[in-house]
Amino acid sequence: MEKRIFNKLDVESSLLGFGCMRFPLDKEGNIDEEEAEKMIDYAIENGVTYIDTAYPYHNGDSEPFVGKVLKKYNRNSYTLATKLPIWEIDSHQKAREIFESQLKRLDVDYVDFYLLHALDEKKWNKVLEYKIIELCEELKREGKIKYLGFSFHDEFEVFERIIRYYPWDFCQLQLNYMDMNIQAGQKGVDLAHELDIPLVVMEPIKGGSLATLPDDVTSMFKTYNKDASLASWALRYVGTLPGVKVILSGMSTFEQVKDNIKT
């Protein structure tokens, strides 16, 4: 597994991160825990160290499931990321209550990478109004958060305002070779690199759509390398961007895990 260093944090991570929002489902629509656990175990056994979940994933079931699976591993052997659902916040105290509930759901004493989830202009205004950054600084002093960042879904102008506001430890952007002019996009990559803020990439395969392409496009990839999956090219692309430390993949099948690890 290729590793990369968050230079300003002196943290090493697997380049591939396991995104825990698209686990396989059982007939009732719940997480297929046996298969999902097998996927996480295989990923960790093959060098994946960055595990990314969030408060709302799988209707709130992702955090407790991930926490249960990770109990078998030494806490220092992986880095755990989760996110604060800003849309649920209506006070400073509410934000702390949700965070404390996340620690209980994950059954951990601290979170390595904590993100303000899916920031846009409206949510950013709530962050400022309820002094959420100040709360996260308190949690860092208490040893409950190691690194503070945000994930983002809005236009570049909003991104620039947010990223310049605070010396973030990292940030998470939606990036793939079809969408480099959408949301923060390439300009966001360049600005984060200029500010020396490490990047975590989400949606590198565009929700899976870049793993299945029209025949005429597929033939070009296969002519170049018949053994490389279409998804692998999407991962390789974002891996070349400056400042990218982790590429998240929301894997839904065991085959996807194996293919992404191979890449």
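**Figure 1. The second largest pocket and its 14 lining residues.** Closest to the centre of this pocket sit Glu 2, Leu 15, Ile 247, Asn 260 and Thr 263. Helix H9 (230–239) and H10 each give two or more residues to the lining; helices (H or I, at least four residues) and strands (E, at least two) are DSSP runs, numbered from the N terminus. The space inside comes to about 250 Å³. By class, the lining splits into six nonpolar, four polar and four charged residues. Here Ala, Val, Leu, Ile, Met, Phe, Trp, Tyr, Cys and Pro count as nonpolar, Asp, Glu, Lys and Arg as charged, and the others, Gly among them, as polar. As for the grid, it has 1 Å spacing over the protein atoms alone, and a pocket is an open set of points where a 1.4 Å probe fits, with protein on both sides within 12 Å along at least five of seven lines; lining residues have an atom within 4 Å of a point. Points are joined across faces, edges and corners, and a volume is the space filled by probe spheres set on them.

A word on the model: it is predicted, so local features need pLDDT of at least 70 and side-chain atom pairs count only at pLDDT 80 or more, while totals for chains, interfaces and linings use all residues. Numbering runs from 1 along each chain as its sequence is written, and side-chain values use heavy atoms, with hydrogens and water left out.

**Figure 2. The largest pocket, at about 460 Å³.** Of its 29 lining residues, Arg 22, Glu 203, Gly 207, Ser 249 and Gly 250 are the closest to the centre. The class tally reads 10 nonpolar, 12 polar and seven charged.

**Figure 3. Phe 18 in the largest nonpolar core.** This core has 78 residues, and Phe 18, Leu 116, Phe 150, Phe 159 and Trp 168 touch the most other members. A nonpolar core is a set of buried Ala, Val, Leu, Ile, Met, Phe, Trp, Tyr and Cys residues joined through side-chain atoms within 4.5 Å. Buried means under 20% relative accessible area, exposed over 50%, and partly exposed in between (1.4 Å probe, protein chains only). Leaving out residues up to four places away in sequence, the contacts of Phe 18 (heavy atoms within 4.5 Å) include Phe 23, Met 39, Ile 40, Tyr 50, Leu 248 and Val 257. A second, separate core of 13 residues includes Leu 9, Tyr 50, Leu 115 and Met 202.

**Figure 4. The salt bridge between Asp 41 and Lys 72.** A salt bridge puts a side-chain nitrogen of Lys or Arg within 4 Å of a carboxyl oxygen of Asp or Glu, and the structure holds 24 of them. In this one, N to O is 3.0 Å. Asp 41 is in helix H1 (residues 33–45) and Lys 72 in the loop between helix H2 (62–70) and strand S5 (79–84), 31 residues apart. Asp 41 counts as buried at 13% relative accessibility, whereas Lys 72, at 45%, counts as partly exposed.

**Figure 5. Asp 112 and its salt-bridge partners Arg 75 and Lys 146.** The closest N and O atoms of Arg 75 and Asp 112 are 3.0 Å apart. Arg 75 lies in the loop between H2 and S5 and Asp 112 in strand S6, so this pair ties together parts 37 residues apart in sequence. Asp 112 is buried at 4% relative accessibility, and Arg 75 is buried at 18%. For Asp 112 and Lys 146, N to O is 4.0 Å. Lys 146 is in strand S7 (residues 145–152), so its bridge to Asp 112 joins parts 34 residues apart.
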